[in-house]
Amino acid sequence: KNYAMARLLNQGQLEQMHPTAMLEKGVLYLELTHHPSLKDGKLVRDRIGHVRPDLGTTVSLIPLQKEHIEAIANSLTTCRFQVEKGRAYHLEAQKNHPFYSRYFPTLENVPDGTYEIQNGKAVRVYSIGFLSFKIAIPRELPKNHPLYNKDPEFVQKLYNFGIEFLTLYQPAKNSTLYPSRYAYFRDGSLYLMGSPVLQKEDPAMIAFHKTERIRKDGFVDNGAPLLNDGKLDVDFIRKYGVVIPDKMYLMLGDNHAMSADSRQFGFVPQDNLKGVLSFLFLPPGSRFGTLPQPEKNQLTFPTVFVWGSAIVIIGGYLVYRRRKHKRFQ
């Protein structure tokens with residue numbers, strides 16, 4: 001319905017993968033894969049030689065112009081990644097892995113270091129601490145840094161590889177790997193990475209909607225799952241939503257690019273839960289403080305120990321400072 005897997009194609013990839021496509025000339029092309037179905041399912045062999053089942057899907061294409069590429073660059077989000085000698089890899093990847101290390105993409109002119117991009121803002125991440133206790137300190141990069149390069153080829157690379165950082169996700173004919181990038185509609189506009197890259201009044205968006213509406217499985221804005229009276233369409237949600245079994249939880253991290261959560265390991269049994277969050281310290285920001293969740297008993301040993309230790313440490317430091325100040329008066 002309103003969601004699709006998304007990746008960017010250049011002219012050569014478009015001609016190789018969609019030779020019959022009749023599109024307006026674009027700087028790049030947004031490929032949207034949607035409406036997965038068992039109807040046209042088949043067995044395929046992936047790039048590492050494994051045979052696996054693959055769902056049938058429908059593909060839609062949108063030619064992107066310079067302003068769209070700039071909008072993507074301004075909303076770009078990546079995982080935290082490392083650059084060494086011009087090659088980049090996911091921070092949690094095994095850089096010397098005998099298989100995957102062959103597929104780390106190149107980022108020319110980017111100095112060695114640890115980086116991350118969030119909502120178009122690029123930062124270099126410094127670590128301070130010792131042994132396993134380290135704190136990440138992000139420092140925003142100047143606008144002339146190579147990571148702010150808005151050349152279409154560079155933006156395409158960061159968009160397609162920005163989560164997995166493996167060239168295995170390079171768009172190619174019969175490719176079975178799609179990057180963790182998604183497109184969805186909201187109020188008629190098409191969103192990528194949480195931002196409206198194609199506004200509903202954009203001529204490209206208007207032309208796209210006009211073409212898609214005449215297709216059987218066209219990718220069009222079906223709106224929110226609401227009835228005419230504004231209430232939730234319960235039948236629709238039950239048919240297409242994710243059913244969470246009783247006494248199971250869907251666990252989702254707050255950082256899509258770096259979280260290993262139920263998208264990887266599935267639902268979590270209730271018996272596996274050992275506690276709840278009571279106070280959010282890091283990262284600092286508007287969410288600092290208690291969480292919007294049902295009240296829980298706070299008089300537990302871990303909670304009392306943590307807050308008690310904090311009070312003792314802070315109180316002891318204040319007493320020390322006060323005595324030291326009096327000594328020098």
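Reader: Where is phenylalanine 185 found, strand or loop?

Author: Phenylalanine 185 sits in strand β9. Keep in mind that this is a predicted model.

Reader: Noted. Is phenylalanine 185 buried or exposed?

Author: Phenylalanine 185 counts as buried, because its relative accessibility is 7% and the cut-off for buried is under 20%.

Reader: And which residues does phenylalanine 185 touch, skipping those up to four places away in sequence?

Author: Phenylalanine 185 touches Asn2, Leu190, Met205, Phe208, His209, Phe219, Val220 and Asp221.

Reader: What separates the C-alpha atoms of phenylalanine 185 and asparagine 222?

Author: That C-alpha separation is 8.2 Å, for two residues 37 apart along the chain.

Reader: OK, zooming out. How many helices and strands does the chain have?

Author: The chain has 7 helices and 13 strands. Its C-alpha trace spans about 85 × 55 × 45 Å along the principal axes.

Reader: What share of the residues is buried?

Author: Of the 329 residues in the chain, 33% are buried.

Reader: What about contacts between residues at least 6 apart in sequence: what percentage join residues at least 24 apart?

Author: For that set of contacts, 57% join residues at least 24 apart.

Reader: Charges next. How many positive and negative ones, and how far apart are their mean positions?

Author: The chain carries 43 positive and 31 negative charges, and their mean positions are 9 Å apart.

Reader: Now the packing. How many residues are in the largest nonpolar core, and which have the most contacts inside it?

Author: The largest nonpolar core has 42 residues, and those with the most contacts inside it are Leu30, Leu32, Ile72, Phe81, Leu107 and Leu190. Helix α3, residues 152-161, gives the largest share of this core, with 4 residues. Another core lies apart from it, made of 6 residues that include Tyr89, Phe104, Phe161 and Tyr169.

Reader: What about methionine 193: what is its phi near?

Author: Methionine 193 has phi near 55°, again positive in a residue other than glycine. This methionine lies in the loop between β10 (189-192) and β11 (195-198), and it is buried at 17% relative accessible area.

Reader: Switching to threonine 114. Which strand is it found in?

Author: Threonine 114 is in strand β6, residues 113-118. It counts as buried at 15% relative accessibility.

Reader: Which side chain does it join through a polar contact?

Author: The side chain of glutamine 82, in a polar contact of 2.5 Å. Beyond four places in sequence, threonine 114 is in contact with Arg80, Phe81, Gln82, Leu91, Val123, Arg124 and Val125.

Reader: And proline 138: which residues is it in contact with, on that sort of list?

Author: Proline 138 is in contact with Val123, Arg124 and Val125. The proline belongs to strand β8, residues 133-140, and is partly exposed at 47%. Its C-alpha atom is 9.4 Å from that of alanine 122, 16 residues away along the chain.

Reader: Last one: is lysine 326 buried or exposed?

Author: Lysine 326 is exposed, with a relative accessible area of 51%. You'll find lysine 326 in helix α7, residues 301-327.

Definitions and conventions. Residues are numbered from 1 along each chain as its sequence is written. This is a predicted model: local features need pLDDT of at least 70, side-chain atom pairs count only at pLDDT 80 or more; totals for chains, interfaces and linings use all residues. Side-chain values use heavy atoms; hydrogens and water are left out. Helices (H or I, at least four residues) and strands (E, at least two) are DSSP runs, numbered from the N terminus. Buried means under 20% relative accessible area, exposed over 50%, partly exposed in between (1.4 Å probe, protein chains only). Contact means heavy atoms within 4.5 Å. A polar contact is a pair of N or O atoms within 3.5 Å; within protein, one must be able to donate a hydrogen and the other to accept it, and residues adjacent in sequence count only if both atoms are side-chain atoms. Lys and Arg count as positive and Asp and Glu as negative; His and the chain ends are not counted. The place of a charge is taken as NZ of Lys, CZ of Arg, CG of Asp or CD of Glu. A nonpolar core is a set of buried Ala, Val, Leu, Ile, Met, Phe, Trp, Tyr and Cys residues joined through side-chain atoms within 4.5 Å.
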